[in-house]
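Please keep the sequence and the coordinates open while reading.

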Amino acid sequence: MNINIIFKNKNKILILIFILWSAIAAYLVCHHAMWRDEVRNFMIGIGATSQIHLIGNPHPFLTYKIEQIFYWILGSYWALPLSSLLISFSTVIIILFCSPFDVKTKSLMLFGYPLLYEYTVMDRNYGISALLLMLFSYFFSNKNYKYIYSGPILFLLANTNVHSALIVGVLSVLWPLNVWYTNGKKWNEETRKAFINGFMGLSGFVVCLITIYPIRYDLAPAHPLEIAPKHHLHFLKNLTFFECENYFSEFFGHKTLGKIIYITLQSIAYAFIMLSVFSLWGNTLLFSIAAIILVGFTLFFSVIYPGRYRHEALWIMLLFALLWIKKNTDQKVIPSTLNKIGLVSFYGMLSVQFILSIMLAFHEVKTPNSRSKEFSTLISQNEILKDSPVLSSLDYILEPIPYYTKKPVFMMTLNDFDFVVPYKTQLNYSLDDLLHAAQKLALCSKSPPLILIVNDKNNNKTSTANIMDNEEENSIREYTYNYWIFTATSEQKKRFLEKTHRIARYPNGYLEEGFIVYELNVDNTAKTSCSPG
């Protein structure tokens, strides 16, 4: 077979791209270690905890319902990664075979960091937003389906996460107003349909708000005014080379040269983000939506809650979706100079994400996001420790562990066993409190309790610095915006080390702190069935 025939056939090229993308995604998934945000939402979704309910949780309902359905079908925790993969596969198929972009643009989109890793390997609700935005673009661009499916999709999109709800709120207001204005400010059939769909989107926005507010289970969004002063101006910095500063110094072997190159590329990446909005110039509706969301995201991430890559990448998904609509509706419009600058910036922004994918997407091959998988493997292979109760100096570090052990862990904030920790309690506790809790658990358990003392968090992804290494008389660690304060004095450390022995030590993961694992020294006293409280 002549290989040129294959590459002259567009569909076969797209199929090859899909196979390649799927192979890389599967490889990354095999090296993935679940971390707390993924497992936390899953456990809430399937009802593993009675401490947290869907109302008052900082995420709206859709992701939880999807995970419930998959768990009901599969009856296994595999529902979490498989649901994420299926959603991502759907998104990729729609982009490859339904979008109006050329092969190069589709490839940049697919192999960029969002769709190759953050929205595929990471099992979060933002991948659902990406899928719904692509579906919205497809149906909105089709005159036969525009007023049938757009509204329901907007309703669902508003209930994936707060950031998507902001997008829906803006779009649901501007779209009907634009239709009304372009129809001579007359109330006709098209205007009526647009307002109905816009109302459905706004209804989704309202449902999102009444589902999550008032927030009861997350300290940060529940107390934005207290936490806001800790934030700084946040202009989508994670879409630039923000996370890669150290890579440049290491690669070029010179700190100053690496810094200069980093600052230069960082500035160019920021320019791409700012100017990319002009790719929609000439279409009043689409440009207005994009401009308002860009400003809105900047304010939201700067004042309300600092965004991470997964949040900020929704800007890329939105812009891609709006450009999709523009390409299908403004085919005869000649691009202006601003359009061309915007398009170059858009492709530049996609190229940055492709570079980030090369630099960051394979990090778990070397450094997993969480050490929970390694720790769970350690205890599951030990007949004595596999049923040990587990507690920690920092509750949230425990949340991924039940995904692997299928058992609850002991939460100091609850003084009880559970699968997740509700972030609603202020807590001042010490190393002595941790030791006493473990000793009480030992009376109720056939296996010795395991105590995890969490490492300090710093910019070194593989750091092992730990409060137990600190020789200060009084060591204090503040967690979750200083709502949890953990203290360990030298005397407490001495008592702790007399009653325990270390069995493992893990460096920090890519997203979560590592920890030292201590096993409580227990005698052969009779065990009882009791409550630790």
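In which loop does Asn 415 lie? Asn 415 lies in the loop between strand 2 (409-411) and strand 3 (416-418). Helices (H or I, at least four residues) and strands (E, at least two) are DSSP runs, numbered from the N terminus. The model is predicted: local features need pLDDT of at least 70 and side-chain atom pairs count only at pLDDT 80 or more, while totals for chains, interfaces and linings use all residues. Residues are numbered from 1 along each chain as its sequence is written, and side-chain values use heavy atoms, with hydrogens and water left out.

Asn 415 is of interest for its backbone: its phi is near 55°, a positive value in a residue other than glycine. Most residues other than glycine have a negative phi. Lys 185, also not a glycine, has a positive phi of about 60°. Lys 185 is placed in the loop between helix 10 (162-182) and helix 11.

Helix 11 (residues 189-212) leads on to a helix pair. Its axis and that of helix 9 (residues 146-158) come within 7 Å and cross at roughly 15°; axes are lines fitted to C-alpha atoms, for helices over the stretch in contact, and angles run from 0 to 180 degrees between N-to-C directions. Helix 9 and helix 11 are therefore roughly parallel to each other (angles under 35 degrees count as roughly parallel, over 145 as roughly antiparallel, 65 to 115 as roughly perpendicular and the rest as oblique). The crossing of helix 9 past helix 11 is right-handed, a term for a near helix turned clockwise from the far one by less than a right angle; anticlockwise gives left-handed. Residues of helix 9 in the contact (heavy atoms within 4.5 Å) include Tyr 147, Pro 152, Leu 154 and Phe 155, and among those they meet in helix 11 are Met 200, Phe 205, Val 207 and Cys 208. By class, this contact has 10 nonpolar, 6 polar and 3 charged residues. Here Ala, Val, Leu, Ile, Met, Phe, Trp, Tyr, Cys and Pro count as nonpolar, Asp, Glu, Lys and Arg as charged, and the others, Gly among them, as polar.

A further helix pair is helix 4 (residues 62-74) with helix 5 (residues 79-98), whose axes come within 9 Å and cross at roughly 115°. This crossing is right-handed. Helix 4 contributes Ile 66, Glu 67, Phe 70, Tyr 71 and Leu 74, and helix 5 contributes Ala 79, Leu 80, Leu 82, Ser 83, Leu 86 and Ile 87. The contact of helix 4 with helix 5 has 9 nonpolar, 1 polar and 1 charged residues.

The structure holds 11 salt bridges, a salt bridge being a side-chain nitrogen of Lys or Arg within 4 Å of a carboxyl oxygen of Asp or Glu. One of them joins the side chains of Arg 124 and Asp 37, at 3.3 Å from N to O. Arg 124 lies in the loop between helix 7 (113-118) and helix 8 (126-140) and Asp 37 in helix 3 (residues 36-45), so the pair ties together parts that are 87 residues apart in sequence.

Strand 4 and strand 7 run parallel, joined by 4 bridges, and Ser 430 stands opposite Thr 487 in strand 7. Strand 6 and strand 7 (residues 484-489) run antiparallel, with 6 bridges between them. Tyr 479 stands opposite Trp 484 in strand 7, and the bridge partner of Arg 477 is Phe 486.

Strand 1 pairs with strand 5 (residues 450-454) in the parallel sense over 3 bridges, and Leu 391 stands opposite Ile 451 in strand 5.

Notes
Pairing = 2+ DSSP bridges.
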